[in-house]
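Have the model open as you read.

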Amino acid sequence: MDAYFQVKTGKVLYMGINIKNLKFSYSEIPVLNDISLDVKDGEIVGIVGSTGSGKTTFSMCLNGIIPNMIKGSFSGDVEICGKNTKKFKVFDMAKHIGMVFQDPDSQIFSIDVKDEISFGLENMGLSKDEIKKKVENVINDLGMNDISDRETFTLSHGQKQKVCMASVLVMDPDILVLDEPTSQLDYRATKGIYDILLKLKKRKKTIIVIEHKVEWLLKYTDRILVLDKGKFVLNGSPYDVFSNPLLEKIGIEIPKTIRISNMLKKRGVKIDFKKILEV
């Protein structure tokens, strides 16, 4: 779906992700503490943070699971493509934002791969011909022809993650949110997921990736956000953020590429960082 805009009070605003003063707590202790954030259409944004920093809670605020299905103390505004999550059901938000979680087994409901991919389209009331065409297209796009006729319980973890992505992408959302999608994947499967994200970026899809494999974020994202104690404490380019000494203080790994680059610079070696990432 092409990027589009909203005219409001004489200003042209992006209709991607607009968050103002978001606060949330399950009990008395705040999990998210006064977050404000704008994400433009077509950006790939990586989010990192230590365990308990609020990453998964933040992701569930993006499609309205919080506050509509998971209750707590919620304030502020989360607008996705111009829709405030407090005013729309999760099903309505799914037309604009798709979620892929860490554990694919928790998302897969059907026995057959094609049935799983078509599940959301069937709930949207599309005709059988429309569904068949859309399912075939997403299978081709993701290179899943070798598993399209398989039963979901026979798939590897990486293959299941692809099925989850296909079931979301077939609905053509404007925004894709992935919560640690590669945590249990090997190098080859991880690269496969990130190669898919690059294809989606070329189609102007907005992508949020919550990830602990920081080296991948360094190479594949446009911007990095660092979440600590419910607040974004760093927001900038991958190189600038991962070069910041604050990361180690809050327990986040610095990519090996950055470490090596810094060591060489101290020894007077000039580094073209962009060329390093192209390797």
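How exposed is aspartate 141? Aspartate 141 is partly exposed, with a relative accessible area of 32%. Keep in mind that you are looking at a predicted model.

Now look for the partner of this residue. Aspartate 141 makes a salt bridge with arginine 203, and their closest N and O atoms are 3.4 Å apart. Aspartate 141 sits in helix 5 while arginine 203 is in the loop between helix 7 and strand 10, so the pair ties together parts that are 62 residues apart in sequence. Arginine 203 is partly exposed too, at 44% relative accessibility.

By the rule used here, there are ten salt bridges. One of them joins aspartate 105 to lysine 160 (2.8 Å, N to O). Aspartate 105 belongs to the loop between strand 8 and helix 4, lysine 160 belongs to helix 6, and they are 55 residues apart. Aspartate 105 is partly exposed at 44%, whereas lysine 160, at 13%, counts as buried.

Next, turn to the helices themselves. The axes of helix 4 and helix 6 come within 7 Å and cross at roughly 35 degrees, in a right-handed crossing. Here Val113, Glu116 and Ile117 of helix 4 meet Val163, Ala166 and Ser167 of helix 6. Of these contact residues, four are nonpolar, one is polar and one is charged.

Finally, find lysine 55 in helix 1. Lysine 55 is buried yet has no salt bridge. The nearest side chain of opposite charge, glutamate 180, is 4.3 Å away, and a salt bridge needs the nitrogen and oxygen within 4 Å.

Conventions: Residues numbered from 1 in each chain as written. Predicted model: local features only at pLDDT ≥ 70, side-chain atom pairs only at ≥ 80, totals over all residues. Heavy atoms only, no water. Axes fitted to C-alpha atoms, helices over the stretch in contact; angles between N-to-C directions. Helix = DSSP H or I, 4+ residues; strand = E, 2+ residues; numbered from the N terminus. Left-handed = near helix turned anticlockwise from the far one by under 90°. Contact = heavy atoms within 4.5 Å. Nonpolar A, V, L, I, M, F, W, Y, C, P; charged D, E, K, R; others polar. Buried < 20%, exposed > 50% of the residue type's maximum accessible area, 1.4 Å probe, protein only. Lys, Arg positive; Asp, Glu negative; His and termini not counted.
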